[in-house]
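Please open the model in your viewer and keep the selection tool at hand. The tour below goes from one selection to the next.

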Amino acid sequence: MTLPNGKRKPEKLVAVGNGMAAGRLLEELLARSPGRYEIAVFGAEPRVNYNRIMLSPVLAGEKAFADIVIHDDAWYANNGVTLHKGKTVVAIDRAARTATTACGHVETYDKLVIATGSTPIAIPVHGVNLPGVVTFRDLDDVDAMLRQARQGGHAAVIGGGLLGLEAAAGLKANGMGVSVVHLMPTLMERQLDASAGYLLQKAIERRGIDVFTGANTQAILGESKVEGVKLDDGRTIDADMVVMAVGIRPNARLAKEAGLAVDRGVKVDDAMRTSDANIYAVGECVEHRGQCYGLVAPLFEMAKILAAQLSGEDSAAYHGSVASTKLKVTGIDLFSAGDFSESDENDEIVLRDPSRGVYKRIALRDNRIVGAVLYGDTEDGPWFLDLLKKNADIDAMRGTLIFGRAYQGGAPLDPMAAVAALPDDAEICGCNGVCKGTIVAAITAKGAASLEQVRAHTKASASCGQCATKVETLIAATLGNGYRASNRKPMCRCIDLTHEEVRGFILSKSLDSMPAVMQELGWKTSCGCPACRPALNYYLLCAWPGQYQDDAQSRFVNERVHANIQKDGTFSVVPRMWGGLTTPNELRAIADVAERFDIPTVKVTGGQRIDLLGVKKEDLPAIWADLGKAGLVSGHAYAKGVRTVKTCVGKEWCRFGTQNSTSLGVQLERLLCGSWTPAKVKLAVSGCPRNCAEATVKDIGVICVDSGFDIHIAGAAGLRVRATDLLGHVDTERETLECVAAVLQLYREEAAYLDRLYKWVEKTGLERVRRIIMEDRAARQALYQRFLVSQRAVRKDPWAERAAGFGLQEFSPLAIVMPIAAE
Amino acid sequence: MTCLSPNWFDIGPLYQIPRRGARTVKTARRDIAVFRTASDEVFALENRCPHRGGPLSEGIVHGRKVACPLHNWIIDLDSGLATGADEGCARRFPVKIEQGRVYLEMGMAVTP
């Protein structure tokens, strides 16, 4: 349209929404094509445009509202933009090209931009509408929280994501007691992996904020106002205020009612255009290529493209964004970007510095960075993000990439030369502050020649153990040819520490979860491998009985499904027969099951049990249910655990029997069954030295004699045949039970995962075991008591639990798809 | 329906597959293992190890790999290839997550 004076009449552009996306769009547009449009902006909030992501510092009292205003009233006036504050657009008439506000104002447009942002999600639980339940979205929310904070009391924040944690930290800074309730096992699981989530949780808890993870909110309690939060495990948290911060959803209602294409958000193409050619959308309300964004950088990228489009640059196109995150809580540095989702040891680089609480992980694919997580030291975040966005080939700097930009360009050193080149005051052990000079002095002056000796003299590598390899290199460099490498065997490629060292640190540092172990001991992978994960799961289970949550996915299939996998993928089932005893009723149940489920092979085992072979996985729960009705329970024939106690008939029947070996075997099996151990444990009780139960090739064997019981340990009859060693003699059955349980507990607490009992005895020395069990009465009793405590946690029959429905999805296919053939 | 048009079948919600675990989908032609990694990626492979036919769905999932439960071959979930010195390949199938549900491309899954 041309005006009488020959100028083009500017087109009318109307923006619905005045958040960060709209604000940035205006800036970009005014810079590109000033005067091209006559612009009107409608904002639902009764104020000018402000930096929403800075609301957290406002809540925390670190900034005032005036500090976070982006465009003040003067800016709108100077740029000729009409701002309608506090006016919500409620309808769009696409045919008439008008937008109508709640108060009845009708505005016509040539081009319309929808920038309605997003709305907080409120979980649909009882009590969600009570006074005292707030969200964290705009300045009004912040004011409501601050009003409550001035009265003190306790706040429960539901949601341990970015927003929830910022709210929690802000409220804590205002003097409130704060609890964070998070549904997932680790905080900020969308942006962080488990290791960084662990460090974050520690940092949050250090501020005095309680963190409940894996916590599902069942209801918000209170009559007339909020009084607390109830979790579905029965726990309650008293609270005067509940902050709902579980997430946001695109606010696409207006667009939908106007008949625009809407899925999760307002659908736009690469030109930011909706399904109506005159209507665009930008920001958090948008769905682009199936993605919705809730972070600020993508919004700015969208705003830039849209401004170009509105300026007539038809080629400008938005291709989606790589999201990066920072948590705005003072004193907590974390950064995440891109897809750091699962990677493995060959395509990830991990750096952990336990003493500084630093964790860095870069995920690679084809020598290109696809994602990064940084915790504790985030300086290089933007650099990694830049490499990621540029899709840069990092092969040449792979060796030093993780150390950041400052360390690029140098050639990698031979580790021996690197250590030799260090000055004497270079710190080798960060935890204990031990310098190179101190270690060299211990080697040269005190004759320390092994890692253990250096550790004893200097405390180097005695805390987190990360520097163990460095210390060894230093010993080798100092002693030259005089150094004989120890046969320390690292646990796996993820870690330089041995199994025994890891076990020691789990106790001394009270590490009670897998992420805790991996971070504090400096795992070189982000989440372990099939070798270390089952070992760690066992170590944690053994160290913290009843407290550590078993990780089924870190167990070998046999222990996960409580049956033995066979070469064709079927399973074998071995019910427990206490001491090898059975009854007609049990045998009948086994026979019935074998027939009912077409079990192809039924066999007697070497441990005096009956083995049902060739069972289909999906039949397992039903078979267990049938066996359970006859009183049969799991025989743990699949477990790194106590398997069987084999017995002879003993003096009850045998003319040579000296003691009641069968009944002792049953007692032993009832005491020990269900216990997880480093490797399988088989026992036997023979009623006389003729040893019909073959007790002298078992892990633990008891041989009855006239005067009492000889306790043998460390036998084996598998890959290696090894006769037992005599541990000692006791007079009574009661003492036998106590000694056997105590030995088993010592083995459970000390052995490397997968080391059979004899291997552990060979490493630690029979004499030492004998002294502890047979001579140190207090030690033996303490071991026995600890064993009883650990048994409390495993007193449930795993078969009965599963027959009753626990973990049933393990045993059924996800789906059965038999297409109806129509060709 | 032509063989080119993808036949995406909804096989269930993602949460039904354990993190760092797998579930199977039974089809007339074969069993397919659908894996879920720690960070909620999904992959689908024929549920047979290229070595001796072991059920890969029963293996320990680590990173984007699975260790076969029978003889500990390590199979790459993305490519289906055996890693390390072992040679062999498990057949891959297209799989995707949309709005929390897992979809398997059945056109491929039913071809011999």
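**A helix and its neighbours**

Begin with α23 of chain A, whose buried residues pack against β36 (700–705), β37 (708–713), β38 (716–717), β39 (721–722), α22 (733–750) and α24 (766–775) of chain A. This is a predicted model, in which local features need pLDDT of at least 70 and side-chain atom pairs count only at pLDDT 80 or more, while totals for chains, interfaces and linings use all residues. Residues are numbered from 1 along each chain as its sequence is written, chains are lettered from A in the order in which they are written, and side-chain values use heavy atoms, with hydrogens and water left out.

Within α23 (residues 757–764), select A:L757, A:Y758, A:W760 and A:V761, which are buried (under 20% relative accessible area, 1.4 Å probe, protein chains only). Seen down the helix axis, the buried residues of α23(A) fall within an arc of 160°, so they line one face of the helix.

**The core**

Next, select A:L171, A:L200, A:V502, A:W523, A:L536 and A:Y539, the residues with the most contacts inside the largest nonpolar core, which has 120 residues (buried Ala, Val, Leu, Ile, Met, Phe, Trp, Tyr and Cys joined through side-chain atoms within 4.5 Å). Helix α17 (residues 532–543) of chain A gives this core its largest share, eight residues.

Conventions: Buried means under 20% relative accessible area, exposed over 50%, partly exposed in between (1.4 Å probe, protein chains only). Helices (H or I, at least four residues) and strands (E, at least two) are DSSP runs, numbered from the N terminus. The arc is that of the directions from the helix axis to the C-beta atoms. Contact means heavy atoms within 4.5 Å.
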